[in-house]
Amino acid sequence: MSSIVQHAPDFNEQAAVRFAMELFGLKSDARQLPSERDQNFHLTASDGKAYVLKVANSTEDRQVLDFQNKAMQHVAARRNLFDDRLSLVPDILPSNDGNQISTVQDPAGTTYFVRLLTYLPGKPLALSKPHDANLLTSLGHFFSQIDQALQDFDHPATHRDFHWDLQNAGPVIDTYLNYIKAPENRKLVDDLLKRFKSSTEGQLADLRRSVIHNDANDYNVLVEPVDRWHNAVTGVIDFGDMVYTRTIFELAIACAYAMLNKADPLAAAGHVVSGYHRDSNL
C-alpha cells in the first residue's frame, strides 16, 4: 500500500479549478477533500451546484475506473429496488469531448486519470450521532439493497487479486502480524487468525460470490434526517475498493465499522445484520 501512496497526485486547489474549466467547462471554486491514494476536490459551481473532481493515483488502471463508473450507473439504473428518499450513488458527468475518464499531467509529465461526479448530500456516518438501532438497521438495509442491485453486474476489472478482499485476510495478516509491536495485541490478533484458519477459511469457497462495494467505511456512508428524531443511511461514495468476492463480506465490513467505539459492539452488529436481511433475497 505504501508504494501506491507514493504515486498519489499532488495538485493544489488552483489546478483543480483549472481542470474543471478546461475539461468540463465548469467554472467553480475548489476545496480539497481527504484521500489516501488519490486526490478529491469538492467543487462549488457558479450556480451553486456541487461536484467532486477525482484525480486517480498514477498507478491506477483505466479499466478499474471504468468498472467503478459502470457499477455506479448500474446501481442508479436499479433505483426501483431502493427506498425513494435515498440519494444512492454519485452520477458521472462527461467531459467536453464526451469522455467519462479524462487525463491531466503534472509538471513532471506524469499522467493521471480524472473524473467529475455529482456531490451527494449528507453527513458521514462517522460524524452522525447517535448510532441508534434505527440508524444501524438502515445501514444494513442500505447495503443489502446495494448488493441486490449488483447481483447481476460484472466487469472484467472486478476479477482481481486485491489486498482489501477479505478472501486474502489470512495471507495479509500473516505478512504484517509482526508489525504489531505490543506483544499482547499481537497475540490477540494471532489467536484470532488461528481461529479463522481452523474454523472459517476452509468454508469460504462454499459462499455465494458477487461484486460488492467492499468499503462501508463510516466516512464513505452518508446519513440524512428522515424525521425530527431519526437519521438513516441514504447514500454511499468511493467505489475504489470494489471487487468480485464473497457477498457476505459486504455485511462483515459494514458490521466492523458499525462496532467501532460501541459500548455493546455485538448489539450494534446485530442491528446491522437485522437490517441487511430485511426484505432481502440475499
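This is a predicted model: local features need pLDDT of at least 70, side-chain atom pairs count only at pLDDT 80 or more; totals for chains, interfaces and linings use all residues.
A residue counts as buried under 20% relative accessible area, as exposed over 50%, and as partly exposed in between. Lys 197, with a relative accessible area of 37%, is therefore partly exposed.

The overall form comes before the details. The protein has 282 residues and a radius of gyration of 20 Å, which agrees with the value near 19 Å that a compact globule of that length would have. Taken along the principal axes, a box of roughly 55 × 45 × 35 Å holds the C-alpha atoms. Eight helices and 11 strands make up the secondary structure. Of the contacts between residues at least 6 apart in sequence, 70% join residues at least 24 apart. Buried residues account for 45% of the 282 residues. The accessible surface is about 14,600 Å², and carbon and sulfur atoms contribute 51% of that area.

Charge is the next topic. There are 27 positive and 36 negative side chains, and the centres of these two sets lie 2 Å apart.

Asp 191 pairs with Lys 187, with 2.8 Å between the closest N and O atoms. Because these two residues are four apart in helix H6, about one helical turn separates them. Their accessibility classes can be read from the same cut-offs: Asp 191 is partly exposed at 36%, while Lys 187 is exposed at 52%.

A further pair lies in helix H3 (residues 62–77), where Lys 70 and Asp 66 are four residues apart, again about one turn of the helix. Their salt bridge brings the closest N and O atoms to 2.7 Å. Asp 66 has a relative accessible area of 13% and is therefore buried, whereas Lys 70, at 35%, is partly exposed.

The backbone deserves a look as well. Most residues other than glycine have a negative phi, and most peptide bonds are trans. Pro 130 is located in the loop between strand E7 (123–124) and helix H4 (133–150).

For Asp 238, phi is near 60°, and the residue sits in the loop that runs between strand E10 (231–236) and strand E11 (243–246). With 34% relative accessibility, Asp 238 is partly exposed. Phi of Asn 261 is likewise near 60°. Asn 261 lies in the loop between helix H7 (248–258) and helix H8 (265–277). Its relative accessibility is 84%, so Asn 261 is classed as exposed.

How values were computed: Residues are numbered from 1 along each chain as its sequence is written. Side-chain values use heavy atoms; hydrogens and water are left out. The radius of gyration is taken over C-alpha atoms; the globule rule is 2.2 Å times the number of residues to the power 0.38. Buried means under 20% relative accessible area, exposed over 50%, partly exposed in between (1.4 Å probe, protein chains only). Contact means heavy atoms within 4.5 Å. Accessible areas come from the Shrake-Rupley method with a 1.4 Å probe; for residues, only the protein chains shown count as cover. Lys and Arg count as positive and Asp and Glu as negative; His and the chain ends are not counted. The place of a charge is taken as NZ of Lys, CZ of Arg, CG of Asp or CD of Glu. A salt bridge is a side-chain nitrogen of Lys or Arg within 4 Å of a carboxyl oxygen of Asp or Glu.
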